[in-house]
Amino acid sequence: MKDTTYLFLLGGYDLEMVEIKKFLDLVGEVYIDKKLSWGAKLSAYQADLGRTDVVYVGIELIEDIPLPANYISIDHHNERSHEPASIEQIATLLGISLSRYQRLVAANDKGHIPAMEAIGASLGEIQKVRRADRKAQGVTEEMERQAQKDLLKREHKNGIVLIKTVLTKFSPLTDRLKAKRLLIYNDTTLCYYGKNAEKLSIHYKSLVDEKKAYSGGGSNGFFGLVGGLFEKEAIEKFVREIIEREGGWDG
């Protein structure tokens, strides 16, 4: 019998968080689920943090309030992007192995399709995981149709595939397009995927530190701005800067 009683606090929903919830149910661990969106904050659970008989395990929660002494933080984004995926960290914490599908979900969350390919995922496995991830993120059939329209209007600038969209979720676009460098944006946010993503996160480190931007997936991962914190003009300026900067980096 284990000595520690954990109480897991679930973060924003994507496929990994859905699978973490299923995993915790399967192994009989207790959790609280506020059904939060991406960018979830620990303060959403502030009223639940008064217990001293448990160890709280916050999963991908922005730590916007003081941490309890009995708190463990699980994450693999921004400055922690070198760490295993959250579901892998939880499995290690509990001393339990992951299934093949759970390992694919972990790879997908760390590095999208290339990371799944790197561990030998078949095309069918990749498509299954990506469909499930879009569903978990709340992508609708209407969004899928809009993505198809947006792809027809994509541009190429300085080696980057550039797409402007009205979508607030970008996965219907990224799943339909293979590109070494991809920049997707709307009037309130943007996300860059592919080569030099890590360099962007270093260049904009102050924004990452201020929780106004996020990154992950290593050198070929992603860098994005948190939605709703920047005006349209600022987003367009970031787009221009990224396109111009890419020419100086690469090759």
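Q: Contact means heavy atoms within 4.5 Å. Leaving aside neighbours within four places in sequence, with which residues is Q89 in contact?
A: The model is a predicted one. Q89 sits in helix α2, and its relative accessibility of 12% is under the 20% limit, so Q89 counts as buried. Once neighbours within four places in sequence are set aside, the contacts of Q89 are S73, I74, D75, H76, R80, E83 and P84.

Q: Which residues of helix α2 are buried?
A: Helix α2 covers residues 86-94. Buried means under 20% relative accessible area.

Q: How far does α1 reach from its first C-alpha to its last?
A: Helix α1 has 13 residues. At 1.5 Å a residue the expected reach is 18 Å. The reach in the model is close to that expectation, at 18 Å.

Q: Which residues of α1 are buried, and what covers them?
A: The buried residues of α1 are L15, E16, M17, V18, E19, I20, K21, F23 and L24. An α-helix has 3.6 residues a turn, so residues three or four places apart point the same way. The cover over the buried residues of α1 includes β1, β2 (30-32), β3, α2, α3 and α4 (123-136).

Q: Is E16 buried or exposed?
A: E16 is found in helix α1. Its relative accessibility is 1%, and the limit for burial is under 20%, so E16 counts as buried.

Q: Which residues does E16 touch, not counting those up to four places away in sequence?
A: E16 belongs to helix α1, and α2 and α3 are among the elements covering the buried residues of that helix. Across 90 residues of chain, the C-alpha atoms of E16 and A106 are separated by 6.7 Å. With residues up to four places away left out, E16 touches E60, H76, A85, S86, I87, V105 and D109.

Q: What is the phi of E60?
A: E60, one of the residues that E16 touches, lies in the loop between β3 and β4. E60 is buried, with a relative accessible area of 9%. Although E60 is not a glycine, its phi is positive, about 55°.

Q: What is the relative accessible area of K211?
A: K211 is in the loop between α8 (205-209) and β9 (213-216). K211 is partly exposed, because its relative accessible area falls between the limits of 20% and 50%, at 36%.

Q: How far apart in space are R245 and L162, C-alpha to C-alpha?
A: R245 is part of helix α9 (residues 232-249) and is partly exposed, with a relative accessible area of 31%. R245 and L162 are 83 residues apart in sequence. Their C-alpha separation in space is 14 Å.

Q: Leaving aside neighbours within four places in sequence, with which residues is N108 in contact?
A: N108 lies in helix α3 and counts as buried at 4% relative accessibility. N108 and V18 are 90 residues apart in sequence and 13 Å apart in space, C-alpha to C-alpha. Beyond neighbours within four places, N108 is in contact with M116, V129, R130 and D133.

Q: What is the radius of gyration of the protein chain?
A: The chain has nine helices and 10 strands. For 251 residues the globule rule gives 18 Å, and the chain comes close to this, so it is as compact as a globular protein of that length, with a radius of gyration of 19 Å.

Q: What share of the residues in the protein chain is buried?
A: The C-alpha atoms fill a box of roughly 60 × 40 × 35 Å along the principal axes. Of contacts between residues at least 6 apart in sequence, 50% join residues at least 24 apart. The buried share of the 251 residues is 48%.

Q: How far apart do the centres of the positive and negative side chains lie?
A: The accessible surface is about 12,800 Å², with 52% belonging to carbon and sulfur atoms. The chain has 36 positive and 37 negative side chains. The centres of the two sets are separated by 5 Å.

Note on methods: Residues numbered from 1 in each chain as written. Predicted model: local features only at pLDDT ≥ 70, side-chain atom pairs only at ≥ 80, totals over all residues. Heavy atoms only, no water. Helix = DSSP H or I, 4+ residues; strand = E, 2+ residues; numbered from the N terminus. Rg over C-alpha atoms; globule rule 2.2 N^0.38 Å. Buried < 20%, exposed > 50% of the residue type's maximum accessible area, 1.4 Å probe, protein only. Areas by Shrake-Rupley, 256 points an atom, 1.4 Å probe, with all protein chains shown as cover. Lys, Arg positive; Asp, Glu negative; His and termini not counted. Charge placed at Lys NZ, Arg CZ, Asp CG, Glu CD. Expected span 1.5 Å × (residues − 1).
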